[in-house]
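Q: I would like to learn how to read a protein structure, one feature at a time. Could you take me through the one shown here?

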Amino acid sequence: GVVWIRAGSITNNGTIASRGEKAGDVAAPSTATDGAGGGGAGGAVFLATASSVDCNGPGLISVRGGDGGTIVQQGYTHGPGAGGAGGKILVVGDTACTTDTGSGIAGTVFTDGTYTTAVHYGAGPTTSTDPDYQGEALVEPDYLGADSDGDGITDFVEVVFTGTDPL
């Protein structure tokens with residue numbers, strides 16, 4: 001999903017989120033023919049203000065990806081689901097908000113008869129900080145003219161329209 005807010009100023013006392021969903025777990029795979037599903041990718045949050053985005057206390061902006069599905073029966077040969085990638089955040093205006101662009105974590109499958117050893121079985125990412133699956137956050141007081149990487153395309157256009165890296 002997408003969260004798009006334009007205002008004179010924004011006060012965030014909680015969480016502004018566009019997160020990916022966790023995939024469902026596979027509880028009784030003895031009759032199933034597939035592994036678990038992958039987590040949903042994080043969405044996008046765009047906040048534009050004339051002055052600032054104020055995050056009082058625990059204020060958070062989150063576009064974290066959803067976790068992959070887990071196989072909850074041991075000995076099953078189909079794999080768990082991959083975690084969803086993190087999304088994108090663009091804040092236009094000054095802010096000190098905490099951002100979360102982490103990915104979801106891959107599901108697991110039990111490899112022993114005691115349900116104690118669970119592995120990702122090749123699915124990734126195995127941590128929410130894997131750089132290959134991270135989203136990105138950009139705080140830009142002047143989005144109309146800023147071009148952080150000097151490629152001739154403004155940071156705003158790169159983040160919102162082309163999906164390219166503005167840094």
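Q: Which residue does the disulfide join to Cys55?

A: This is a predicted model, in which local features need pLDDT of at least 70 and side-chain atom pairs count only at pLDDT 80 or more, while totals for chains, interfaces and linings use all residues. Residues are numbered from 1 along each chain as its sequence is written, and side-chain values use heavy atoms, with hydrogens and water left out. A disulfide is, in general, a covalent bond between the sulfur atoms of two cysteines. The rule applied here asks for a pair of cysteine sulfur atoms within 2.5 Å, and by that rule there is one disulfide. Cys55 is joined to Cys97, with an S to S distance of 1.8 Å.

Q: Why is the disulfide of Cys55 and Cys97 called right-handed?

A: The torsion about the S-S bond is about 80°, and therefore the disulfide of Cys55 and Cys97 is right-handed. Cys55 belongs to strand β4 (residues 44–55) and Cys97 to the loop between β6 (88–95) and β7 (98–100), so the pair ties together parts that are 42 residues apart in sequence. The element names come from DSSP runs, with helices (H or I) of at least four residues and strands (E) of at least two, numbered from the N terminus.

Q: Are Cys55 and Cys97 buried or exposed?

A: Buried means under 20% relative accessible area, exposed means over 50%, and partly exposed lies in between, as found with a 1.4 Å probe and protein chains only. Both cysteines, Cys55 and Cys97, are buried. With contact taken as heavy atoms within 4.5 Å, and neighbours within four places in sequence left aside, Cys97 is in contact with Val53, Cys55 and Ile61.

Q: Which residues make up the largest nonpolar core?

A: A nonpolar core is a set of buried Ala, Val, Leu, Ile, Met, Phe, Trp, Tyr and Cys residues joined through side-chain atoms within 4.5 Å. The largest one here has twelve residues, namely Val3, Ile10, Ile16, Val45, Leu47, Val53, Cys55, Ile61, Val63, Ile89, Val91 and Cys97. The elements that give two or more residues to this core are β4 and β6, and β4 gives the most, with four residues. A second, separate core has seven residues, among them Phe46, Ala48, Leu90 and Phe156.

Q: In which sense do β4 and β6 pair?

A: Strands of a sheet pair through backbone hydrogen bonds, either parallel or antiparallel. Two strands are taken to pair here if DSSP finds at least two bridges between them. Strands β4 and β6 pair in the parallel sense over seven bridges, and Ala44 stands opposite Lys88 in β6. Strand β1 (residues 2–7) also pairs with β4 in the parallel sense, over six bridges, and there Val2 has Ala44 as its bridge partner in β4. Strand β2 (residues 10–12) pairs with β4 in the parallel sense over three bridges, where the partner of Thr11 is Asp54.

Q: What is the order of the strands in the open sheet of three strands?

A: The order is β3-β5-β7, with parallel pairing. Strands β3 (15–17) and β7 stand at the edges, each with a single partner strand, so one side of each is left without a neighbour in the sheet. Strand β5 (residues 60–62) pairs with β7 over three bridges, and Ile61 stands opposite Thr99 in β7.

Q: Why does Thr98 count as partly exposed?

A: Thr98, which is in strand β7, counts as partly exposed because its relative accessibility is 48%. Leaving aside neighbours within four places in sequence, Thr98 is in contact with Gly59, Leu60 and Ile61. The C-alpha atoms of Thr98 and Ser62 are separated by 8.5 Å, although these residues are 36 residues apart along the chain.

Q: Which elements do the buried residues of α1 pack against?

A: An α-helix has 3.6 residues a turn, so residues three or four places apart point the same way. In helix α1 (residues 155–162), the residues Asp155, Phe156, Glu158 and Val159 are buried. The buried residues of α1 pack against β1, β4, β6 and β10. After α1 comes Gly163, whose phi is positive, near 75°.
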